[in-house]
Amino acid sequence: MSTAPKAPAARVDQFFTVAEVRFDRWRSLLQAARVWEAAATRQPSERENQQAATSASFQELRQWEDFFAYPGEALLRTLGERIASGDATGTTHLAQSISTALLTHSYRTSLADWEGEEQPAISFGDRVPGTGEETQYRPYFEVLVVSPAGSAKWADLAQELRRLRRSQDKFIYEPVFAGNFEDAVLGAILNGNLEAVVIYEGISFASSHYSPVLREFLTAHLAASNINKDTGQFALALAQGLKLLRPELDIYFLSDREPEKLAGDVRGACIRRVFYQVEEPLELHLSILDGIADRYNTPYFDNLQKYAQRPIGTFHALPVARGKSIFKSNWIRDMGQFYGLNLFLAESSATTGGLDSLLEPTGNIKVAQEKAARAFGADHVFFVTNGTSTSNKMVEQALLAPGDIMLVDRNCHKSHHYGAVIAGALPLYVEAYPLTQYSMYGAVPLRTIKKVLLDLKAEEKLDRAWLFVLTNCTFDGHVYNVERVMEECLAIKPDLIFLWDEAWFGFARWSPFYRGRTAMGAAAILERKFKDPAYHHAYKEQEKKLRANPTDKALLETRLLANPERVRLRVYQTNSTHKSMSCLRQGSMVLVKDPDYHTVEEQFHEAVFTHASTSPNLQIIASLDVARRQMELEGYELVNRAIQLALDIRREVNSHPLVSKYFRILGADEMIPTEFRNSGFVDYLTPGMNWAKAVDAFREDEFALDVTRLTLVCGSAGFDGTQFKNMLAADYDIQLNKTSRNSVLLQTNINNTRSDIAQLIKVLVQISQGIEKKLADGGSPAQVAFAARVKSLMTDVPNLPNFTCFFDRFRENSSSITSEGDMRSAFFAAYREKQCEHLKLLSPEIDKRLKDGPELVSANFVIPYPPGFPIMVPGQVIDKETIEFMRKLDVKEIHGYDPALGLKLLNPAFLKSAKPSADDVTHTAKMAKRKSAAAD
Ligand SMILES: Cc1ncc(COP(=O)(O)O)c(C=O)c1O
C-alpha cells in the first residue's frame with residue numbers, strides 16, 4: 001500500500017467521479033515517459049529531469065491504483081523498477097500497454113494484459129485472466145476483499161481465490177484488497193468494476209491514503225448514523241455503510257465469532273451471506289458468482305431468446321412473427337435485412353409457451369418486475385410499454401376518484417392534466433418559481449406547497465386532497481429535496497400520497513450523489529427516520545414547542561417533522577426508462593412503495609387494463625428487463641461517467657475564450673435562486689468545490705441542479721432556441737433536447753463518450769468563429785443588428801403567465817381560497833360545438849372582452865412548445881398576461897391552438913346557463929343506466 005503523496009493537488013478524493021481522471025493520469029505518465037525516451041540522446045541532466053518528471057507522474061497515479069485489480073501490484077512494481085533503473089523505453093512500452101488496456105477495457109478479457117507488454121498478442125475474449133484457459137466470453141468484475149491481514153498476505157489470498165475458478169463459471173472476477181474501513185469506502189467510490197464485497201471482522205478504521213475530504217465526510221456521516229468509532233466494530237458498520245452507498249453490491253461477511261448470531265441480527269440484513277471465516281472458500285466463491293447471476297438473469301429477455309429459437313408455427317394475428325412475410329417478400333425484404341431475423345423471431349402475440357402476459361403477469365414478467373422492484377428500491381414495479389405518459393395516467397386513475405383533489409405543479413407534463421380529466425379529479429395547481437429571463441419555470445417552493453395544504457385544511461378539504469404530483473427532476477434539471485417535501489407535507493396531512501414523475505431521473509438511483517433525492521431513495525430514508533426513537537422524541541419536542549393550535553405562519557416557518565406514529569408513507573414514482581437507461585422507446589416503469597397498496601391494488605389493475613395495450617410490444621418488455629440488469633451491474637460507473645462528462649462540458653464551454661463570448665451553460669446559481677440554496681452552494685464549477693461540499697448541498701438545499709441537464713444559453717449568440725436546435729441538427733448532426741426562447745437543453749446520459757463532447761465543443765467553436773467573421777465582415781451595421789437581436793432574445797422576454805383561476809361554473813365555491821376546479825366538465829363541455837366560440841388572437845374583440853367582459857374561458861389545453869406547459873387549461877379564465885404572452889410567442893408549435901380559427905373558448909351563453917345540479921347528474925346517470933339495461 002502506498003503512503004501519502006507529496007502534492008496535495010493529487011488527492012484521491014478530489015471530486016466524486018474518477019474513471020476519466022484515472023485514464024488521464026495514465027496518459028500523462030505515458031506522455032512523460034515518451035518525452036523521457038526521446039531525450040535519450042540529450043544531456044544527462046535533461047534525461048534526469050525527464051526521468052524525475054516520469055517518476056512524479058507515476059507517484060501521482062500510483063496511489064489510485066490500490067483500488068483496482070488491474071494493472072495490479074506486480075505490473076506496478078515492474079513499472080516502478082523500470083523508472084527507477086532509468087529504462088525509458090521499457091517504461092514507455094509498459095505504460096502504453098497498461099493505458100491501452102484500461103482505455104479499451106481489454107484487461108477484462110485478455111490474459112496478455114495481465115502479464116505485461118512482452119506477451120504475444122492474444123485475441124480478446126478467449127482467455128480467462130489468471131488461468132490461461134480458453135473460454136467463451138464471460139463478464140468480468142472485481143471483488144473488494146476487506147481484510148485485517150497485512151498487505152503482505154494479499155497476494156497469497158488472491159491466488160487462493162483464483163485457484164477456485166472453474167471452467168463452468170459464467171463470470172470471472174479478480175480481488176482488490178483494502179485493510180480498513182476508509183479504504184474500503186474509497187474503493188467502493190472509486191472502482192466501478194466492483195460488484196461484491198467480502199468483509200472480514202477485525203478491520204481498523206483509518207486509511208493510509210491522503211484523503212482529508214473523505215475523512216471529514218465519513219466522520220460526519222458516522223456521527224450522523226450513530227456508528228461508534230470507538231468500539232472497534234467497524235466491519236458491520238462498513239457493511240451497512242456500503243449498502244447505503246451502493247445498494248446493488250453483494251456483501252459477504254466473514255466472522256470469527258458466532259456467525260449465526262450475526263445472521264440473525266437485523267443490522268445484518270444488508271449482508272447476503274455470513275461465513276465462519278474462510279471455512280468454506282469454494283462456497284464463498286460460488287456465492288459471489290450466484291449473487292452476480294441473480295442480477296445478470298433477465299427472466300423475460302432470457303425466455304424470449306429461447307422462444308425465438310424454437311420452431312414455432314403461428315396461427316395468431318401477427319404476420320411479422322417469424323418474419324416469413326418479410327423475408328419471402330418481393331418488396332419489403334429490406335426491412336428484414338435492416339432489422340435482422342431475431343427481431344421477427346422474437347415477435348409474438350402469445351402469452352404462453354414461455355412468454356407471459358403483461359396485463360396479468362404470473363411468470364417471467366412477474367419475476368422481471370420483482371427484480372426491477374429490488375433494483376429500484378420499490379415494493380412493486382409495473383412495466384409499461386406506452387411511455388410515462390401512460391404510466392402517469394394509470395397511477396392517477398388508480399389513486400383518484402371524481403371529486404378528489406389532485407395537487408399538481410401546473411408546469412408538469414401534459415399527461416398529468418389529462419390524468420386529472422380522466423379521473424375526474426379537481427386539479428389544484430401550485431406554481432413553480434419562474435425563470436423569466438430564460439422563459440422557463442423552476443420547481444415549486446416548499447413554502448407554496450405547505451401554504452396550499454394549510455389553506456385546504458382551513459377550508460376543511462384536506463381529506464379530499466389525495467395525491468400530490470411533482471416532477472423530479474424537472475425538464476430543466478431542478479431536483480427537489482424529496483425527503484423534506486414529503487416529510488413536511490406528511491406533517492400536515494399524514495396520509496397524503498405522492499406521485500413523483502421522474503421521467504428524466506430514473507438513472508439517478510445509481511448515483512449515491514442523487515439517490516437521496518429520488519422518490520424511492522427519499523422514501524427509504526424517511527422509512528428509517530420514522531422508525532428511529534430519536535425522531536419520535538424530536539417530533540414530541542416539536543409538538544410541544546408548536547403547542548396545540550399553531551398559526552399558519554409558525555407552521556410555514558418551522559421545518560416540520562411528521563408524526564411518526566401516524567404517517568402512512570405512500571410513494572409512487574414513474575420513470576421513462578427509455579429516457580435514461582438502455583431501454584427501447586416507450587419503455588417505462590411505475591414504482592410503488594406504499595404500505596397501503598393492498599387497498600388500491602384492484603383499482604391499480606383496473607387502471608392497467610384501461611391504459612395498457614392488449615398487444616404490448618415484447619421487445620420493449622425485454623428491454624425493460626435488460627435495462628434493469630445493466631443498471632444493477634454497471635449503472636454506478638455509467639452514471640458517474642455521465643455526470644463527469646456533463647461537468648466537462650460545463651467547464652469547457654464556460655471557460656473557452658471564444659465559445660464563452662457567445663454561449664454559456666447556466667450554473668446552479670442561475671437556475672436556483674439563493675434563497676433555495678441554504679448551504680451556500682453556488683455551482684459545481686466554483687473554485688474550491690469538492691464532492692463532499694456538493695454532497696452536503698445535495699442533502700441540505702431546497703433545490704439542486706442535476707449536473708447532466710445543461711441549459712446552454714444561445715440567445716447571446718443571436719439564436720433563439722428552436723433556430724439553434726434546428727441548425728445543430730441540420731448542419732452538424734447534433735441532436736438535443738428541448739428549447740426555450742434563448743436557450744437549448746443538452747443532456748448527457750449513459751451513452752455519451754468523450755468524443756461526443758469533443759465534437760460538441762468543436763461545433764461551438766466553429767459557430768463562434770462564424771459569428772466573429774460575420775460581425776467583422778459586416779462591420780457596424782452587422783454589429784448593430786446582432787446586438788439588437790441579442791437584446792430581443794435576452795432582455796425583451798415575455799413574463800410567464802401564472803395560472804389564473806377556473807371560471808366560477810367549474811368551482812364548487814367561488815369564494816374558496818384554494819383554486820381547484822372541475823376541469824373535466826370544462827373539457828367535455830367543449831365537445832359540443834354550440835357551447836364554444838373562436839376568437840382570433842389579434843382581434844380587438846379579445847381586448848374588448850378582457851376589459852368589459854364577459855370573461856374569456858378556455859375550452860381546451862393550449863400548450864406552446866417551447867416552453868411546453870399549458871398556458872391555458874379547460875375552464876381557465878384567460879387574463880391579459882396570458883394573451884400578451886400568446887401574442888409575443890414566436891414559436892410555430894402550439895398544441896390546442898389553430899391560428900386560422902383563433903382561440904377556442906367556452907361561449908358566454910353556455911357559461912351563463914344553469915350548472916347541472918347534483919340531481920341532474922344523478923338523473924342523467926340513471927337514464928344512462930336504464931338505457932344500458934334496456935340494451936342488455
Ligand atoms: C416530466 C415528464 N413526464 C412524463 C413524460 C412522458 O414520458 P414518455 O415520453 O415516456 O411518455 C415526459 C416527456 O417528455 C416528461 O417530460
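**Reading helices, cores and loops**

Reply: Start with a helix contact. Gln723, Phe724, Met727, Leu728 and Tyr732 in α31 meet Gln759, Val763, Leu764, Gln766, Ile767 and Arg789 in α32. Seven of the residues in this contact of α31 with α32 are nonpolar, three are polar and one is charged. Keep in mind that this is a predicted model.

Me: How do I describe the packing of two helices?

Reply: Two packed helices are described by the angle between their axes and the distance between the axes. Here, α31 spans residues 721-732 and α32 spans residues 754-794. Their axes lie 13 Å apart, at an angle of about 125°. That angle makes α31 oblique to α32. The crossing of α31 and α32 is right-handed.

Me: At what angle do the axes of α11 and α27 cross?

Reply: At roughly 145°, and the axes come within 8 Å. Helix α11 covers residues 281-296. On its side, Ile292, Asp294, Arg295 and Tyr296 make the contact. From α27 come Arg628, Arg629, Glu632 and Leu633. By class, the contact of α11 with α27 has five charged residues, three nonpolar and no polar.

Me: What should I know about nonpolar cores?

Reply: In soluble globular proteins, nonpolar side chains tend to be buried together. In this model, the largest nonpolar core has 221 residues. Ile199, Trp500, Phe663 and Phe724 touch the most other members. Helix α27, residues 618-655, gives the most to this core, with 16 residues. Another core lies apart from it, with 48 residues, including Met406, Val608, Phe807 and Val873.

Me: Which residues is Ile199 in contact with, leaving aside its neighbours within four places in sequence?

Reply: They are Val146, Ala235, Leu238, Ala239, Leu242, Ile251, Tyr252, Phe253 and Leu254.

Me: Now the loops. Does Pro311 count as buried or exposed?

Reply: Pro311 is at 83%, so Pro311 counts as exposed. Pro311 is in the loop between α12 (299-309) and α13 (324-327). The C-alpha atoms of Pro311 and Arg322 are separated by 9.1 Å, and the two residues are 11 apart along the chain.

Me: Where is Ala914 found?

Reply: In the loop between α36 (908-912) and α37 (918-935). Ala914 counts as exposed because its relative accessibility is 69%. Now take Ala914 with Ala158, 756 residues apart along the chain. Their C-alpha atoms are separated by 83 Å.

Definitions and conventions
Residues are numbered from 1 along each chain as its sequence is written. This is a predicted model: local features need pLDDT of at least 70, side-chain atom pairs count only at pLDDT 80 or more; totals for chains, interfaces and linings use all residues. Side-chain values use heavy atoms; hydrogens and water are left out. Axes are lines fitted to C-alpha atoms, for helices over the stretch in contact, and angles run from 0 to 180 degrees between N-to-C directions. Helices (H or I, at least four residues) and strands (E, at least two) are DSSP runs, numbered from the N terminus. Angles under 35 degrees count as roughly parallel, over 145 as roughly antiparallel, 65 to 115 as roughly perpendicular and the rest as oblique. A crossing is left-handed if the near helix is turned anticlockwise from the far one by less than a right angle, and right-handed if clockwise. Contact means heavy atoms within 4.5 Å. Ala, Val, Leu, Ile, Met, Phe, Trp, Tyr, Cys and Pro count as nonpolar, Asp, Glu, Lys and Arg as charged, and the others, Gly among them, as polar. A nonpolar core is a set of buried Ala, Val, Leu, Ile, Met, Phe, Trp, Tyr and Cys residues joined through side-chain atoms within 4.5 Å. Buried means under 20% relative accessible area, exposed over 50%, partly exposed in between (1.4 Å probe, protein chains only).
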